[in-house]
Amino acid sequence: MQTLLEGVLLVPTVVVMVLVFGAVIRRLLGVRLGPVRTVLAATLALLLAPPLLTALVPDPEAADLTTALLLSVLGVCSVSLAAMAVVVVAEVVVPEGSVPGPIELWRTWRVRVSRGRRYAQILRIAVRHGLGRFLRGRRHTGVGSSVARQGLARSLRRALDEGGVTFVKLGQQLSTRRDLVPREFADELAGLQDRAAPITWDEVRTVLATELGRPVEDVFAWMDPKPLAAASVAQVHAARLFDGTDVVVKVQRPGIAAVVERDLDIVRHLTRILELRTSWGRSLGLGGLAEGFADALREELDFTTELDNLVAMAAVLAAAPGDGVRVPAPHVHLSTRRVLVMERLTGTPLGAAGPVLAGLGPVRRSAVAAALLTTVFHQVLDHGMFHVDLHPGNVLVDADGSLGLLDLGSVGRLDSTTRRAFGRLLGALDSADSLTASDALLELVDRPAEIDERALERAVGVLIVRYAAPGATAGAAAFTALFRLVTAHRLPIPAQVAAVFRTFATLEGTLAIIDPDFDLVAGARRAGRSRVTASLAPQRLRRTAEEELSALLPMLRRLPRRVDRIADAVEHGRLTVHVRLLADSRDRRVVTGLVHLTLSAVLGGVAGLMAVLFLGMPGGPQVTESVRLFAVFGYGLLVVAVVLVLRVLVVILRPDRS
């Protein structure tokens, strides 16, 4: 019974000691300890305490009370310092939070098992396609030639294609970022096709009934069980409403959202590793790129986003100059997050519209290409909302030459400042003004702290002479060259600006199908010239002047009074300039941390020297018969010195958490 009672009392005693020990360490070292690390450190201290106390006080009954108490305090301080030293080493080797704790492991074990299986599957795919050697973290020099890069690009394309929807979309996205990937990879990844085996008609009926809340027969007078097209995210069926309207129904694949989220989690995890371990990953901002890709893919999974985009793009096209370009009208009351019902446009996809285009004639084909380019410039420069993926499969052409734009699941958006910078860039291309073009380019990118603007201006001038001179037929190569120029000068490109360049690079191929002789660069120059001309029109100048004056008027009203105050202060010798050093709280925190670190290091060193002096000093007052006062001071100062040094080491050796 007594043994049981002692065991019951021992448990709360140990728990209290662990909590007290963790609080003391957190306070002394300035680090936050997790429960596992606290328990391990306290257990180490409890295991070391009995033998050390026994060695210091071998016969407690023979020693006087004061001596035993002082030696016991010294023993407790010694084991505590040992445990704290272990905590510091553990914090340096395995920082707190870098490894999930047991509670987190228990909560997320299903997700981690699923992720592990998917990791293994991706690794098998990579190894099967000859990419395993690039997963070992070593630098490879065998891909320096163009032939070697082409072979590697083919292997990467096949691996991404086998990886599924997320990796296919990732490859398609990379194919448009010629500022990030070599030309051979961009060309090869552009061949990725978002295709998949169609889901069964029963699965389609189940999704429609779940989303629309009623059977298919109550919503549509007729619906074709055979899909018009099947992709990895959704498939499209032809249908007819009860009022006779022909529509297309876009149905999301069951379970695809969970698959995409699992793969996006893997993509984010891999990009975080690359960003932490590689300099090129940090310079490219892979984490931000991955988040942007994830957001865009989630938009495609939410069909209400595409519905809103269709409505907004229809308004943009209605205000565009000319006619002949439209988007399908959505049926809002029949659309949900997983189902989108929209008008069925007549026409043939450009990729298969050879006979239709041949029947239009050269003049009409040139006019159709010009209308499409004008529409895109209107979207980008006037409204700031534009179609980001105008490849031939997303453009329909009718027998009369009218065009239809499909797949607005993801659109680009630009603010007014960026739109004006693009307009200035186009105007500078038309006038061959490299200075204005380089200034506009710097407004489009995230300007770094240091840049050789003169070298950038010269490079832009060379690009203008090469690609915008009369007779040049480089086409989309101009946009690729501009990407390369921006990358060479280490100018980070915002995602939406990159989307604009991607749009025009893709549009070049679409325009070439409509009219092989159409010159995209010449069209861009004409668009820039027309915008400059329109900005100089009397009505536009008057409106611009009114807007600028309305913005400046409050400042102009306050200006005379402020000038009078300054003049009065100068006249009476009261003019002073106040400069607040360290006005930013972040700067104050940095300086305060450095001061605290320096003081801790100095005090720790001084305490250590004083401890050595006290311990080496002979004689002195006796606290007890066997303990000298100088020894008490020496060991106390030694404990203080070790604590301060450990605190400094934690701050120095911990990875930066800012």
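Start with β2 and β3, a hairpin with 3 residues between its strands. Before you select anything: this is a predicted model, so local features need pLDDT of at least 70 and side-chain atom pairs count only at pLDDT 80 or more, while totals for chains, interfaces and linings use all residues. Residues are numbered from 1 along each chain as its sequence is written, and side-chain values use heavy atoms, with hydrogens and water left out.

Strands here are DSSP runs of E, at least two residues long, numbered from the N terminus; two of them pair if DSSP finds at least two bridges between them.

Now pick 229-230, which is β2: 2 bridges join β2 to β3, antiparallel. Ala230 faces Gln235 across that pairing.

Next, select 234-240 for β3 itself. Is β3 mostly covered or mostly open? Mostly covered: 5 of its 7 residues are buried, meaning under 20% relative accessible area with a 1.4 Å probe, protein chains only.

Look for Met223, whose bridge partner in β3 is Ala239.

In the hairpin of β3 and β4, 5 residues lie between the strands, and Gly244 takes a positive phi near 90°.

Last stop: an open, mixed sheet of 4 strands, ordered β5-β10-β9-β7. Its edge strands are β5 (325-326) and β7 (348-349), each pairing on one side only. Select 403-405 for β10, which pairs parallel with β5 over 2 bridges; there, Arg326 stands opposite Gly404.

Conventions. Buried means under 20% relative accessible area, exposed over 50%, partly exposed in between (1.4 Å probe, protein chains only).
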